[in-house]
Amino acid sequence: MSKQKERWLQRLQHMNTELNALLSRIEAYNEQELHFKPAADAWSIAQVLHHLFIGEAGTMHYIRKKLSYGPPPALTRWHRLRGRLLKLMLSLPLKFKAPAVVSQVPERPDVPAIIEQWRATRKEMEDFIRNMPAEYEHKALFKHPVAGRMGIEGILDFWEEHLRHHIRQIDRIEQRMQASFVK
C-alpha cells in the first residue's frame with residue numbers, strides 16, 4: 001500500500017472519530033429533540049444529519065458510476081485550487097444554500113437508519129481507498145456541484161470541513177432547542 005493511501009486511511013479514521021463523537025451526542029436525543037426546528041424555514045438536527053449523509057453517499061455513488069465508464073480524468077491544479085476554496089468557505093462561520101441535489105430533505109428523517117447507512121458509506125470509502133488502483137491516486141474521481149472535480153484528498157477535505165460546518169449548525173440548533181424547552 002502506498003504512503004499516500006496510508007495517510008488517507010489514517011485521516012479517514014480520524015474523521016470517523018469526529019463523526020462518532022457527533023453521533024454519540026445525537027443518539028442521546030429523543031424524537032422531539034431530533035426533529036426540533038429553530039425556525040419554520042430551518043432544518044432540524046435530523047435533517048442536517050440526512051443532508052450530511054446524502055452528501056457522502058452521493059459522492060460514493062458518483063465515484064462508482066463514473067468509474068464504471070472507464071478511467072477517471074486527470075486532476076489539475078485548477079481542480080485542487082477550487083477544492084481548497086470550498087474548504088475555506090466551509091470553515092468560515094457563514095451560511096450557504098445547499099446545492100439542489102442535497103438540499104431536499106424529508107420532514108422527519110429516520111435517524112437510526114441514517115446513522116447505520118452513514119457508517120456503511122464511510123466503510124465503503126475506506127474499502128475504496130484500500131483497493132483503489134495506484135494510477136487513480138491523482139485522478140479526478142468526483143465532481144462537486146460547486147467546487148468541480150476532486151481527487152481523494154479533495155473529497156476528504158470536503159467531507160471533513162462539511163461535517164465541521166454542520167456541527168456548528170447543530171450546536172446552534174441545540175442552543176435554540178435548550179432555550180425553547182426551558183420556557
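Residue E161 makes contact with K87, L90 and S91, apart from residues up to four places away in sequence. E161 sits in helix α7, which covers residues 152-182, and counts as buried because its relative accessibility is 8%, under the 20% limit. The model is a predicted one, with a mean pLDDT of 90 over the chain.

**Confidence**

- A pLDDT of 70 or more is reached by 96% of the residues of the chain.
- Among the elements of the chain, helix α6 has the highest mean pLDDT, at 97.
- The lowest mean pLDDT among the elements, 70, belongs to helix α5, residues 100-103.
- Where pLDDT is low, the predicted coordinates should not be read in detail.

**Overall architecture**

- The chain contains 7 helices and 2 strands.
- In sequence order, these elements follow the pattern α-α-α-α-α-α-β-β-α.
- The C-alpha trace spans about 60 × 30 × 25 Å along the principal axes of the chain.
- A compact globule of 183 residues would have a radius of gyration near 16 Å, and the 17 Å of the chain agrees with this.
- Of the 183 residues, 46% count as buried.
- Among contacts in the chain with a separation of 6 or more, 83% are between residues 24 or more positions apart.

**Packing of α1 against α6**

- Helix α1 (residues 3-27) packs with helix α6 (residues 111-131) at an angle of about 175°, and the two axes lie 10 Å apart.
- The two helices are therefore roughly antiparallel to each other, because angles over 145 degrees are classed in this way.
- On the α1 side, the contact is formed by K5, W8, L9, L12, M15, N16, L19, N20, L23, I26 and E27.
- The α6 side contributes V111, I115, W118, R119, R122, M125, E126, I129, R130 and N131.
- By residue class, the contact of α1 with α6 comprises 12 nonpolar, 3 polar and 6 charged residues.

**W159 in helix α7**

- W159 is located in helix α7 and counts as buried, with a relative accessibility of 1%.
- Leaving out residues up to four places away in sequence, W159 touches M15, E56, T59, M60, T121, R122 and M125.
- Among these partners of W159, M15 in α1 and R122 and M125 in α6 also belong to the contact of α1 with α6.
- W159 and F53 are separated by 106 residues in sequence, while their C-alpha atoms are 9.9 Å apart in space.

**H35 in the loop between α2 and α3**

- H35 occupies the loop that joins α2 (31-34) and α3 (45-67).
- With 10% relative accessibility, H35 counts as buried, because the limit for that class is 20%.
- Residues touched by H35, those up to four places away in sequence not counted, are S44, A46, E107, R108 and P109.

**K143 in strand β1**

- K143 belongs to strand β1, which comprises residues 142-144.
- The relative accessible area of K143 is 47%, so this residue is partly exposed.
- K143 is in contact with Y62, G148 and R149, leaving aside neighbours within four places in sequence.
- The C-alpha atoms of K143 and T59 are 8.4 Å apart in space, although the two residues are 84 positions apart in sequence.
- T59 is also one of the residues that W159 touches.

Definitions and conventions. Residues numbered from 1 in each chain as written. Predicted model: local features only at pLDDT ≥ 70, side-chain atom pairs only at ≥ 80, totals over all residues. Heavy atoms only, no water. Axes fitted to C-alpha atoms, helices over the stretch in contact; angles between N-to-C directions. Helix = DSSP H or I, 4+ residues; strand = E, 2+ residues; numbered from the N terminus. Parallel < 35°, antiparallel > 145°, perpendicular 65-115°, else oblique. Contact = heavy atoms within 4.5 Å. Nonpolar A, V, L, I, M, F, W, Y, C, P; charged D, E, K, R; others polar. pLDDT = per-residue confidence, 0-100. Rg over C-alpha atoms; globule rule 2.2 N^0.38 Å. Buried < 20%, exposed > 50% of the residue type's maximum accessible area, 1.4 Å probe, protein only.
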